[in-house]
Amino acid sequence: MVHFSDIVKENYIYAVFPGGQEWESVYKTAINQAYSDVSLVTDLNTYQAAMRRLIAQFKDAHLSVTFMAHSNSAHWPGFLVRYQGGRYIVVGSSQTDISEGSEIISCDNQNIDEWVDKLAQFWGGPRGLDTTRAHVGPEVFIDRSSPFYDRPSVCRIGGSVVELQWRDVVVTKKGKFPTEIDELEAQYPHYSDPYTGVSSFGDNGSWVRMGQMFVANEEQAEAWHKTIDAAPGLRDKEFVVIDVRGNSGGMYNWFMAFLRSFYGDDYVDYYARARLEIENVLLAPKDTKGSGLESPPETGSIKMPIDPPMADIMERPRVEILESGARLIRLRKPIDSLPPLPDETPMSPVNGRVYVLTDYGCASACLSLLDELMRIPGVVQIGGESHIDRRSAGWPGKHYLSSGLSYVNMGRLLRVGRERGENAVWRPYYRFTGNLGDTEAVKKWILSEVVPDDFHKGRPEINSRPVFSELDGGE
């Protein structure tokens, strides 16, 4: 615990900047709770539960723990649960009295949402958000011997009251479950597809898949460049769907290059200015070489597009040396150096409706894409709620704990002045109530329900704003 405390104080951006009373309160509460929890740690399961609870106290998606060792035991009641469209659905079952497609209503006389809210403090995530419910919901039905809560015993599933038959399962060395659970997991994975590209959709529409903004090789870069080059040809489509489900982020330059190619420079520079209003402050701890900017995640022969307005406001980093020897590096010109708006509002070259398809896997730089895209008139968010983050951002680097059992990652960059609040979520205008990982079902829904309804309404082109900005999940 002492080692974790030292690592956070030296490497976590909030500890150093802005620091202050608010940070001290969060830090002391978390550390005091962790020291209290230490007495309950007796094995790997309880160690992991205590570490997850500690990390959850900071309410920051960019502060995480990865475990290098796993217990070989757990318990489960024979069925797999996924959260979709506001409901907790049984998606795989080996129990004859619990059928697939059944909805979990309550357990031990508590609404299932109340269970998830209770467990969120141990697993992480603000109460009431889809991203929290999707992450925490399945854990209600996998017992990892947490010392902080009891597993449910009786649940209302569909129209029946069922006594859960918990049984032992053996976990593999990599933390995976045995064949029985793995097969069910494989049949209903959380959506993830790194593919980037353009395809036709409907009679006169296009589907733009943006799987990720982490570009690690030439093949991925080429896929992005082809997508960017194809963008002007989509302007006369009746509608365009930009699919960012499961996109966990990466570099802004890729999605900004697509927007510039699709809408044109003038139009994007007029509306998409969220990133330009931010001052990036980077923490470079004393034991690091350079600023950390010399080796960005994408190097070598990969050709990453330039974002001209960002390049214009960047200047040689201003460095402040702290008493600890760490450095704070400010990565932009003063805020009053923003590129000026033109005198007249430019006309959009895009003739059709633009939909952005999201789920709770849209995180980090994918949220920044929404920050820009949802400022552009005529864009409609559909699908599911996005993920969340604080104004911090992650940076490459692992901090191994002295136990040798885990390492932590944490934000070293703070985006000062970002309009979107701490842990604010982007919420769709049209919400899909089925499985967002089922692409064919999602496409059918868009063509049969979203497009006809949206075109019929003839809604004014208004800009949405993110909601749910309280750290504790309150509206």
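Guide: Gladly! This is a predicted model, where local features need pLDDT of at least 70, side-chain atom pairs count only at pLDDT 80 or more, and totals for chains, interfaces and linings use all residues. Residues are numbered from 1 along each chain as its sequence is written, and side-chain values use heavy atoms, leaving out hydrogens and water.

Visitor: Which strands does helix 4 lie across?

Guide: Helices (H or I, at least four residues) and strands (E, at least two) are DSSP runs, numbered from the N terminus. Contact means heavy atoms within 4.5 Å. Axes are lines fitted to C-alpha atoms, for helices over the stretch in contact, and angles run from 0 to 180 degrees between N-to-C directions. Here helix 4 (residues 44–56) lies across strand 1 and strand 20, at about 165° to strand 1.

Visitor: What is the order of the strands in the open sheet?

Guide: Strands of a sheet pair through backbone hydrogen bonds, either parallel or antiparallel. Two strands pair if DSSP finds at least two bridges between them. In this open sheet of three strands, the order is 1-20-19, with antiparallel pairing. Strand 1 (64–67) and strand 19 (399–400) are at the edges with a single partner strand each, so one side of each has no neighbour in the sheet.

Visitor: How many bridges join strand 19 and strand 20?

Guide: Strand 19 and strand 20 (residues 406–409) pair over two bridges, in the antiparallel sense. To find one, look at histidine 399: its bridge partner in strand 20 is valine 408.
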